[in-house]
Amino acid sequence: MRDSRSYHDPFAPQKRGIFSNPGFRFGFVGALIAILANLALILIFSGETSGDLIAWFLQVIVYFFISRSAAEAQYSQNQRRGEFEHLRGVRAAGLGAGLTTSVLVWLYIIIRGILRDAFGVFIFVEPVSLFCMIVVDVSIAMALGSQGGSAIARKYDAGTPY
């Protein structure tokens with residue numbers, strides 16, 4: 001009989017929580033980083049929206065690095081479990097991290113706009129341009145997330161014979 005810590009039974013029921021997926025877990029952390037950076041820039045620019053462009057550039061950088069971290073975590077998780085297909089889910093974890101970060105940050109931006117409007121700060125965003133900005137940003141997040149996950153998959157796939 002093997003020690004249960006060194007052997008993973010693929011058919012055994014597993015406890016699955018919302019944070020067990022590295023893509024979502026790292027995406028949530030990436031969203032927190034991007035939101036805190038946005039809040040810091042709001043304080044620096046005294047409530048003006050001129051810091052939003054800087055925050056967006058930081059957000060794009062977060063997409064890339066968070067996706068790579070999530071892909072690394074997925075690979076490590078597969079190794080610990082003793083998975084036969086050690087690259088399974090690595091690209092998807094990178095994609096999921098970028099997508100989760102983008103969606104959560106846009107939720108924050110929309111809620112921030114509603115609150116600022118409620119407090120009397122004039123916010124002019126037409127729905128069509130907001131929709132276009134969201135589509136472009138989510139597409140960039142998905143592209144960078146997928147690229148980050150693929151880079152990690154290529155890194156560990158180089159020595160695997162087929």
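Colleague: To begin with, is arginine 112 buried or exposed?
Modeller: This is a predicted model. In it, arginine 112 has a relative accessible area of 14%, which means that it is buried, as the value is under 20%.

Colleague: Which residue does arginine 112 form a salt bridge with?
Modeller: Its partner is aspartate 52, and the closest N and O atoms are 3.2 Å apart. The pair links distant parts of the chain, with arginine 112 in helix α3 (residues 90–118) and aspartate 52 in helix α2 (residues 52–81), 60 residues apart.

Colleague: And is aspartate 52 buried or partly exposed?
Modeller: Aspartate 52 is partly exposed, at a relative accessible area of 25%.

Colleague: How many salt bridges are there?
Modeller: The count is two. Glutamate 72 and lysine 155 also form a salt bridge, at 3.0 Å from N to O. Here glutamate 72 lies in helix α2 and lysine 155 in helix α4 (residues 127–157), 83 residues apart. Glutamate 72 is partly exposed, with a relative accessible area of 22%.

Colleague: Turning to packing, at what angle do α2 and α4 pack?
Modeller: The angle is about 35°, and the axes are 8 Å apart. The crossing of these two helices is right-handed.

Colleague: Which residues make the contact?
Modeller: Among them are Trp56, Tyr63, Phe64 and Glu72 of α2, and Ile140, Leu144, Ile152 and Lys155 of α4.

Colleague: How do the residues of that contact divide?
Modeller: Twelve are nonpolar, six polar and four charged.

Conventions. Residues numbered from 1 in each chain as written. Predicted model: local features only at pLDDT ≥ 70, side-chain atom pairs only at ≥ 80, totals over all residues. Heavy atoms only, no water. Salt bridge = Lys/Arg side-chain N within 4 Å of Asp/Glu carboxyl O. Helix = DSSP H or I, 4+ residues; strand = E, 2+ residues; numbered from the N terminus. Buried < 20%, exposed > 50% of the residue type's maximum accessible area, 1.4 Å probe, protein only. Axes fitted to C-alpha atoms, helices over the stretch in contact; angles between N-to-C directions. Left-handed = near helix turned anticlockwise from the far one by under 90°. Contact = heavy atoms within 4.5 Å. Nonpolar A, V, L, I, M, F, W, Y, C, P; charged D, E, K, R; others polar.
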